[in-house]
Amino acid sequence: MRRMISVLALAAGLAGAGCASTSDLTALQNDVAAARAEAAEAKRTADEAKAAAGAAQQEASAARAAADAAATEARTASEKADRIFQRSLQK
């Protein structure tokens, strides 16, 4: 982004001074186009990373819910086993 601003400032300065040739302006236009393409690629990459982070967060939430359910089930099974054991001691 800084590069694009610098290129645009340079192009404006050269054009304003009247010392830019057609090939210089073409090169600057190419640089601006390349900077825009890089910015678009960076935005696409950031969007993909954001989507991946969202998916990972959903997976983590599902895993946490499954772990909580498993812990509850284990606690229930342990309590049931303890009751059975206590009854066997009373007999």
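Arg 44 and Glu 41 are three residues apart in helix H2, so about one helical turn separates them. Helices here are DSSP runs of H or I with at least four residues, strands are runs of E with at least two, and both are numbered from the N terminus. Arg 44 forms a salt bridge with Glu 41, with 2.5 Å between the closest N and O atoms. The term salt bridge denotes a side-chain nitrogen of Lys or Arg within 4 Å of a carboxyl oxygen of Asp or Glu. The model is predicted: local features need pLDDT of at least 70 and side-chain atom pairs count only at pLDDT 80 or more, while totals for chains, interfaces and linings use all residues. Residues are numbered from 1 along each chain as its sequence is written, and side-chain values use heavy atoms, with hydrogens and water left out.

Arg 44 also meets Glu 48 in a salt bridge, at 2.2 Å from N to O. These two residues, Arg 44 and Glu 48, are four residues apart in helix H2, about one turn of the helix. Through shared partners, salt bridges join Glu 41, Arg 44 and Glu 48 into one network. An α-helix has 3.6 residues a turn, so residues three or four places apart point the same way.

The structure holds three salt bridges. One of them links Lys 43 with Asp 47, whose closest N and O atoms are 3.1 Å apart; Lys 43 and Asp 47 likewise lie four residues apart in helix H2. Lys 43 is exposed at 52% relative accessible area, whereas Asp 47 is partly exposed at 41%. Relative accessible area under 20% is called buried, over 50% exposed, and in between partly exposed, using a 1.4 Å probe and protein chains only. Arg 44 is partly exposed at 39%, and Glu 48 is partly exposed at 45%.

Helix H2 itself covers residues 22-90. Its 69 residues reach 101 Å from the first C-alpha to the last, close to the 102 Å expected at 1.5 Å a residue; the expected span is 1.5 Å times one less than the number of residues. Leu 28, Val 32 and Ala 35 are buried in H2.

For the protein chain as a whole, there are two helices and zero strands. Buried residues make up 7% of its 91 residues. The chain exposes about 7,200 Å², of which carbon and sulfur atoms supply 59%; accessible areas come from the Shrake-Rupley method with a 1.4 Å probe, and for residues only the protein chains shown count as cover.
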